[in-house]
Amino acid sequence: MKAHLKLTFLCLQLLIGTIWATPATDRQKIRAYYQQLFPQLTLADYADGVYAIDPIAKSSWLAIEEFPPYEIALEQGKTLFKQAFTNGKHYADCFPNQGIAIAQNYPYWDTATQSIITLASAINNCRRQNQMPPLSYGAGEITQIMAYMAYTSRGKRIQTDIPAQSSAALAAYEQGKAYFYKRRGQLNFSCASCHIDNAGKYIRSEMLSPALGHTTHWPAYRLNTGEMSTLHRRFEVCNELIRAKVDPAQSKALRQLEYFLSYMANGLPLNGPATRK
Amino acid sequence: MAKRSSIKIRSKRFADHTLVRTLIAHPMETGLNKDKDTGELIPEHYIQSLTFSHNGKLMSECHLGFGISKNPFFSFKLKSAQAGDTVVISWQDNLGYSDTLEHHIQ
Amino acid sequence: MFTKRRHFLRQIITLSSYTTGLIFSKVSLGNWLASDFSKQAIDATLKQQFGDQILLTTPKIKLKLPRVAENGSVVPITITSSIDNIDTVYIFAEKNPVPFIAKFSIAPELETFIGARFKMKETCDVIVVVHADGQYYQTRQRVKVTLGGCGG
């Protein structure tokens, strides 16, 4: 009789876990997984990405952090941010708190447009509202402006919620999550294949970073190009590398992916702009 | 308003030395890279000489090749320096461009 | 960003005064020579720089270098040495097409301390030579440069 009850209880648990997985439990599970994989790390350590788990790469990174090359883009970004549009208005007029120390609130679910707003898309929304041509995503001016805005939010904790009353927001999160776990491309990898199943292991000569904290350190000065790059550009490149269809930067699919990743990283400190190889 | 310099200088005074670091915005182009859009070789464009002076006296002259990284960084240690001292970093590249920046030690 | 404009007179004056200072300074390296930075093998480069002079291998030059370069485009190095009266420091990357990376003169008012970031084409030795009291000393350290896996 007792064994029978135990079995029923376990089945119920499994059923609940499968059918009633919530974003909160997803996050709990992922964090528990990484915690047992990397017991030496605190949650905040994940903001350093692969440097939290690769000591050789970390020493090189720290040497460069003494006077990081992104400071050039940061300075340019500050100037661009403060520059008036042709109509006399500024970025500060579009954003809460004049655009200062708000990067941690992106991406968010916007009820009015029923879509995910990322910082990059908000910058271009601001430009469009003020009759300015949109900036191209992934490189150039937008990376400098984002460097400045990220810098003003340095240390601030990621604030990504799924509004309880919005089933559409939940659906967007679920789509982002599905994207993350879906195998794609000629190499048939999903994001999870590398960044969950093989986090800490090497692919050729590089250590794979954990997915937890992927959204904390952007934009990044890339050592290989000597230019600033963005999270969405990085998503594009990953898809190129696994020979999958490339969803363009700031497309719906990638904004949903960012939403999912940011929700997983909720509470982690922002530390962009950063240097990465 | 002054034009932005390509040079950034930071200094830090310690008990027994003063650390001076500089970061310079410069492509340090090797001449071996192709333009992504045109397929043409991007011409060599790199700093060849750099000087570091303290209170008007030359401390270090540097001869560089394009093997120095893009957006070059250098650091030096002065054995002794006071607050208010002047440090100057100047550079000249293969195309004849140059820049210089004066920095006051805090 | 790069100035050629006449009205940056102050800059030009500052620059010329330092150039003049250069000519009369013992810390001056003389003219930058294209031949120093020739595309040639390391042995030819060292021969060209130092002739038949002996480069004494010494443990007294310390190199802070990553064991593995995250990206060959930016390899950070810090050079220090306990040898007295060093007046020149040279950096070479053994297998770069142009092995000569840089040379630095060091005034007596400076500690022997140089920080720099340079490019490495492939795994090889980084060779640092210093000159002090008429003698050359050298040390070398291997840095691994890997092909990226997912650097992108």
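This briefing walks through the chain contacts, strand pairings and helix packing of the structure above.

The model is predicted, so local features need pLDDT of at least 70, side-chain atom pairs count only at pLDDT 80 or more, and totals for chains, interfaces and linings use all residues. Residues are numbered from 1 along each chain as its sequence is written, while chains are lettered from A and ligands numbered from 1 in the order in which they are written.

**Chain contacts**

- In chain B, 35 residues are in contact with 40 residues of chain C, where contact means that C-beta atoms, placed from the backbone, lie within 7 Å.
- Strand 3 (47-54), strand 4 (57-64), strand 5, strand 6 (86-93) and strand 7 (98-104) of chain B each give two or more residues to the side that touches chain C; helices (H or I, at least four residues) and strands (E, at least two) are DSSP runs, numbered from the N terminus.
- Strand 4 of chain B provides the largest share of that side, with 7 residues.
- The side of chain B that touches chain C divides into 13 nonpolar, 16 polar and 6 charged residues. Here Ala, Val, Leu, Ile, Met, Phe, Trp, Tyr, Cys and Pro count as nonpolar, Asp, Glu, Lys and Arg as charged, and the others, Gly among them, as polar.
- Between chains A and B, 6 residues of chain A are in contact with 8 residues of chain B. The chain A side of that contact has 3 nonpolar, 1 polar and 2 charged residues.

- An open sheet of 6 strands runs in the order 1(B)-2(B)-5(B)-7(C)-4(C)-2(C), with antiparallel pairing; two strands pair if DSSP finds at least two bridges between them.
- Strand 1 (7-13) of chain B and strand 2 (61-64) of chain C stand at the edges with a single partner strand each, so one side of each has no neighbour in the sheet.
- On average, neighbouring strands of this sheet are turned by 15° against each other, direction ignored.
- Strand 5 (residues 73-78) of chain B pairs with strand 7 (residues 113-118) of chain C in the antiparallel sense over 2 bridges. Phe74(B) has Ala116(C) as its bridge partner there.

**Strand 4 of chain B**

- In strand 4 of chain B, 7 of its 8 residues are buried (20 or more other C-beta atoms within 10 Å of a residue's own; exposed is 12 or fewer, partly exposed in between, with C-beta atoms placed from the backbone).
- Strand 3 of chain B pairs with strand 4 of chain B in the antiparallel sense over 6 bridges, and Thr51(B) has Glu61(B) as its bridge partner.
- These two strands form a hairpin with 2 residues between them, and Asn55(B) in the turn has a positive phi of about 50°.
- Strand 4 of chain B is also joined by 3 bridges to strand 6 (residues 100-105) of chain C, running antiparallel. In that strand of chain C, Phe104(C) is the bridge partner of Cys62(B).

**Helices of chain A**

- Ala57(A), Ser60(A), Trp61(A), Ala63(A) and Ile64(A) are buried in helix 3 (residues 55-65) of chain A.
- What covers these buried residues includes strand 4 (206-207) and strand 7 (274-276) of chain A together with strand 3 (68-69) and strand 4 (75-81) of chain C.
- On the other side of helix 3 of chain A, Pro55(A) and Leu62(A) are exposed.
- Helix 4 (residues 70-82) and helix 6 (residues 141-152) of chain A pack at an angle of about 90°, with their axes 7 Å apart. The axes are lines fitted to C-alpha atoms, for helices over the stretch in contact, and angles run from 0 to 180 degrees between N-to-C directions.

Note on methods. Two residues are in contact if their C-beta atoms, placed from the backbone, lie within 7 Å.
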